[in-house]
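This report describes some side-chain pairings in a protein structure. Please look over the sequence and the model before reading on.

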Amino acid sequence: MTERPAAIDAPPAGSFEDMLRIVEDLNTPAGYKAELIRGKIVVSPWSKLRYLRPMRRLRAQVEAHAPEGHVTETSPFLFVFPPSERGFGPDLFVADESAFDADGRHADGAALSLVAELTSDSTKDVDWLDKLDTYGRIVPVYLLLDMKIQEISAFWDPSPKGYRSRTNIPFGRPLHVPAPFDFELDTSEFILPEPEAGTSPE
């Protein structure tokens, strides 16, 4: 496996349910996740070690303002979006806890109240295009943290054509996270230290 997402060999494209079953039964290597993107099964690495601290701080702030009955997690769960025939495993999510009462290995994307992706060079195309389009039709709030350029974008007010509202700020300035959260996010906690000499930040 490489640092970049890679489509894997699979039977000829069948129904969304067939592809979903393949994803659920796939034995991915440790540290990797499988998602359904544009009709393909794509395997990509989980977040980098350097992202642990900002992810934990994001989770702590979001969790304190989550809607009643919703859970905030960074655990690897697959959420499905049947109308778009997509299945994503967000870096961080807030979802109605009742969505996890059912049997099975995936949850309904309609249960999500917020998703957050920590993007890098290897994942930005999917995060900025496919996921933005899919989340923008159903998920109330999408937070996209660009870890390379140290910026955060917030999208909200979903519609059949995607999010109607967006704001973007550099790390270090407060970001208002809209309803159903409605709080000021301290983004200074997401600033990454400069990588050591001879290493790549991405």
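The sections below cover the model, its aromatic pairs and the salt bridges around one lysine.

## Model and conventions

The model is predicted, so local features need pLDDT of at least 70 and side-chain atom pairs count only at pLDDT 80 or more, while totals for chains, interfaces and linings use all residues. Residues are numbered from 1 along each chain as its sequence is written, and side-chain values use heavy atoms, with hydrogens and water left out.

## Aromatic pairs

Two rings of Phe, Tyr or Trp (for Trp, its six-membered ring) form a pair if their centres lie within 6.5 Å; planes under 30 degrees apart count as stacked, over 60 as edge-to-face and the rest as tilted. The count by this rule is 13 aromatic pairs. In one of them, the ring centres of F81 and Y135 are 5.8 Å apart and the planes stand at 65 degrees, so this pair is edge-to-face. F81 belongs to strand β5 (residues 78-81) and Y135 to helix α3 (residues 124-135), so the pair links distant parts of the chain, 54 residues apart. Helices (H or I, at least four residues) and strands (E, at least two) are DSSP runs, numbered from the N terminus.

F81 is buried at a relative accessible area of 4%, and Y135 is buried at 0%. Buried means under 20% relative accessible area, exposed over 50%, and partly exposed in between (1.4 Å probe, protein chains only). The rings of F171 and F190 also form an edge-to-face pair, because their centres are 5.8 Å apart and their planes are at 75 degrees. F171 sits in the loop between β12 (165-170) and β13 (174-177), and F190 in the segment after β14 (183-186), so this pair ties together parts 19 residues apart in sequence. F171 and F190 are both buried.

## An aromatic cluster

Which residues form one aromatic cluster? The members are F81, F88, W128, Y135, Y142, F155 and Y163.

K131 is located in helix α3. This lysine, K131, has a relative accessible area of 2% and is buried. Contact means heavy atoms within 4.5 Å. Leaving aside neighbours within four places in sequence, K131 is in contact with K33, E35, F88, G89, E117, V126, G136 and Y142.

## Salt bridges of K131

A salt bridge is a side-chain nitrogen of Lys or Arg within 4 Å of a carboxyl oxygen of Asp or Glu. The structure contains 11 salt bridges. In one of them, E35 and K131 meet through their side chains, at 3.0 Å from N to O. E35 lies in strand β2 (residues 32-37) and K131 in helix α3, so the bridge ties together parts 96 residues apart in sequence. E35 is buried, with a relative accessible area of 3%.

K131 also forms a salt bridge with E117, whose closest N and O atoms are 3.2 Å apart. Because E117 lies in strand β9 (residues 112-119) and K131 in helix α3, this pair ties together parts 14 residues apart in sequence. Both partners, E117 and K131, are buried. A salt bridge with D127 has its closest N and O atoms 3.8 Å from each other. K131 and D127 are four residues apart in helix α3, so about one helical turn separates them. D127 is buried, as is K131. Through shared partners, salt bridges join E35, E117, D127 and K131 into one network.
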